[in-house]
Amino acid sequence: MSQTLKNLYPLVIIAVVLGVILNLAAVLVWVERRLLAVWQDRYGPNRVGPFGLLQPLADSIKLFLKEDWIPPFADKPVFVLAPAIIVVTALLSFAVIPFAPGFVVADLNIGLLFLLAMSSLGVYSVVLAGWASNNKYSLLGGIRASAQMLSYEVFMGLSMLGVVIIAGSFRLTDIVEAQRKLWFVIPQFPGFVLFLIAGVAEARRLPFDLAEAESELIAGFHSEYSSMKFGMFFVGEYIGVTLISTAISLLYFGGWLGPFLPGPVWFAIKTMAFICFFILLRAAMPRPRFDQLMLWGWKFMLPLALVNLLATGAVVLALS
Amino acid sequence: MLIVFYIAAAVAVLATTVAITRNNAVHALLYMIVSLLAVAVIFYVIGAPFIAALELIIYAGAIMVLFLFVVMMLNIGEHATDVETAWLKPGVWAWPSGLATLLLLELFYVAAHAAPPTGPMHAVTPKEIGISLFGPYAIGVELASLLLMAGLVGAYHLGRRTSKEEEERNDASTYGRRTVFGSDVVRTGSDRTSHAA
């Protein structure tokens with residue numbers, strides 16, 4: 001009996017994680033709109049249910065009931081595949097995220113690399129959507145997305161390597177445990193800032209949402225999408241934001257570590273704080289020009305990430 | 001784990017075959033990516049998780065995106081598919097298939113005659129790979145970095161900005177053809193070429 005229960009345990013974790021993440025993605029739409037409203041001195045959605053809390057439900061019913069239209073000029077199989085990729089890769093990444101000691105689907109010894117791999121596979125969604133739509137604006141969005149993600153992924157990986165050097169492991173559980181004395185945000189502050197910026201670019205959130213810049217590209221790569229296919233991009237984006245926030249709190253803010261409260265609560269608090277930061281960023285920052293974005297990435301962020309890596313390695317070597 | 005290996009291997013072979021025979025470049029690339037994912041699974045199953053992760057990050061996540069980027073930049077449409085169809089006549093397949101069959105026969109021969117690897121399987125951790133890369137194989141790493149440096153210099157040479165005179169010449173020819181309405185018309189190109197990047 002206990003053996004059966006033990007075998008079922010990962011399935012339970014998967015069910016809980018999927019339930020929480022997917023619902024969170026829906027609720028984040030409401031959170032974002034309400035928070036933006038607060039910062040812009042207005043109310044935001046407050047009609048459906050108490051405090052407008054049922055707004056996500058109304059939105060998703062609306063999305064499901066819209067006409068699901070595929071343009072006749074689109075490349076149909078790729079067009080249908082693209083929105084699935086973003087949700088699948090984002091959800092797969094949560095397989096290696098430890099929410100509390102022992103509460104993890106797969107505690108891989110390459111956990112951090114798996115996270116990187118999934119986020120780099122997520123690019124295909126945007127790129128293929130832009131290409132398959134067979135629309136000039138979508139194609140431009142897709143090209144922008146691929147160039148942006150390629151360049152920002154490079155120093156995203158390099159910036160988190162500082163943490164790996166100090167913790168001595170790619171396993172996320174080990175990385176959190178290594179922060180018992182000191183959160184990595186203090187010795188790895190430059191790495192944290194770089195990772196944060198790369199994370200925003202990776203999640204394609206403002207100010208780095210040039211792939212869908214509505215003022216110039218209509219809606220960029222998802223211009224042609226409607227109904228729940230569009231909804232998938234929406235959900236994928238919010239799962240991406242959640243993922244980057246969990247990664248930041250795991251790598252730099254000690255994950256579940258914290259006094260008084262139980263571990264998962266700390267983890268949730270830290271993650272929510274970063275999600276709110278993402279939303280504040282959207283309310284506060286203008287969008288850069290695309291060439292400025294690339295210039296900034298390659299000529300400033302990449303050398304900085306390399307210097308950070310070099311310095312961290314030298315200090316660790318000197319202390320050991 | 002053996003069954004996982006066989007399924008992944010079958011997917012890899014199938015996806016690669018389809019990738020070769022597709023006429024549409026983007027569809028072929030997609031099958032290529034599936035093949036790479038399958039190979040990553042194989043690496044993981046036979047005890048090389050680090051290589052599996054690198055396969056995903058570097059090949060599937062970066063190089064293939066670059067390929068896709070180029071295909072999208074060229075934006076070849078129906079025409080390219082027609083050309084490809086015209087090129088891939090059955091006769092074209094004869095030589096490659098013959099050579100591949102030769103290799104396959106060799107593989108069968110080796111598989112039938114060589115002794116299977118003995119001893120327990122050993123999973124290689126990321127740390128061991130790092131130690132061997134910067135220990136006994138340090139020269140290999142340095143040589144590879146030299147090669148990459150050459151590539152980098154080449155890319156810089158190809159992508160360097162056009163010379164100042166050339167830009168001025170282009171500007172002049174643009175202005176020459178443009179009728180000036182009034183005095184405060186914003187001229188296209190007057191700002192972008194000189195300040196951007």
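## Briefing: a predicted model of chains A and B

A:Phe51 is partly exposed, because 13 other C-beta atoms lie within 10 Å, a count between the 12 or fewer of an exposed residue and the 20 or more of a buried one. This residue belongs to a predicted model. Chain A has 12 helices and zero strands. Chain B has nine helices and zero strands. The two chains touch, with 22 residues of chain A and 20 residues of chain B in the contact.

**Chain A overall**

- The elements of chain A, read from the N terminus, run α-α-α-α-α-α-α-α-α-α-α-α.
- Chain A is as compact as a globular protein of its length, because its radius of gyration of 20 Å is close to the 20 Å that the globule rule gives for 320 residues.
- The C-alpha trace of chain A spans about 60 × 55 × 45 Å along its principal axes.
- Buried residues come to 47% of the 320 residues of chain A.
- Take the contacts in chain A with a separation of 6 or more: 77% of them join residues 24 or more positions apart.

**Chain B overall**

- Along the sequence, chain B follows the pattern α-α-α-α-α-α-α-α-α.
- Of the 197 residues in chain B, 14% are buried.
- Among contacts in chain B with a separation of 6 or more, 57% come from residues 24 or more positions apart.
- Chain B is divided into domain 1, residues 1-88, and domain 2, residues 137-176.
- The C-alpha centres of domain 1 and domain 2 of chain B are 29 Å apart.

**Where the chains meet**

- Chain B brings 20 residues to the contact, and chain A brings 22 residues.
- Helix α3 of chain B, residues 49-74, supplies the largest share of the chain B side, with 14 residues.
- The side of chain B that touches chain A has 17 nonpolar residues, three polar residues and no charged residues.

**Helices α3 and α4 of chain A**

- Helix α3 of chain A covers residues 76-93, and helix α4 of chain A covers residues 111-121.
- Their axes come within 9 Å and cross at roughly 170°.
- An angle over 145 degrees counts as roughly antiparallel, and α3(A) and α4(A) are therefore roughly antiparallel to each other.
- From α3(A), the residues A:Thr89, A:Leu92 and A:Ser93 take part in the contact.
- They meet A:Leu115, A:Met118, A:Ser119 and A:Leu121 of α4(A).
- By class, this contact of α3(A) with α4(A) has four nonpolar, three polar and no charged residues.

**Helix α5 of chain A**

- Helix α5 of chain A is largely enclosed by the rest of the structure, because 10 of its 10 residues are buried.
- The buried residues of α5(A) include A:Val123, A:Tyr124, A:Trp131 and A:Ala132.
- A:Gly130 is also one of the buried residues of α5(A).
- Just after α5(A), A:Asn134 takes a positive phi of about 55°.

- Most residues other than glycine have a negative phi.
- A:Phe51 is not a glycine, yet its phi is positive, near 55°.
- A:Phe51 sits in the loop between α1 (2-39) and α2 (55-65) of chain A.
- A:Asn134 is not a glycine either, and its phi is positive, about 55°.
- The loop that holds A:Asn134 runs between α5 (123-132) and α6 (136-167) of chain A.
- A:Asn134 counts as partly exposed, because it has 18 C-beta neighbours inside 10 Å.

- A:Ala268 is part of helix α11 of chain A, residues 263-284.
- A:Ala268 counts as partly exposed, because it has 17 C-beta neighbours inside 10 Å.
- A:Ala268 and A:Trp256 are 12 residues apart along the chain, and 8.3 Å separates their C-alpha atoms.

Key
Residues numbered from 1 in each chain as written. Chains lettered and ligands numbered in written order. Predicted model: local features only at pLDDT ≥ 70, side-chain atom pairs only at ≥ 80, totals over all residues. Contact = placed C-beta atoms within 7 Å. Helix = DSSP H or I, 4+ residues; strand = E, 2+ residues; numbered from the N terminus. Nonpolar A, V, L, I, M, F, W, Y, C, P; charged D, E, K, R; others polar. Axes fitted to C-alpha atoms, helices over the stretch in contact; angles between N-to-C directions. Parallel < 35°, antiparallel > 145°, perpendicular 65-115°, else oblique. Domains from an automatic or database assignment. Rg over C-alpha atoms; globule rule 2.2 N^0.38 Å.
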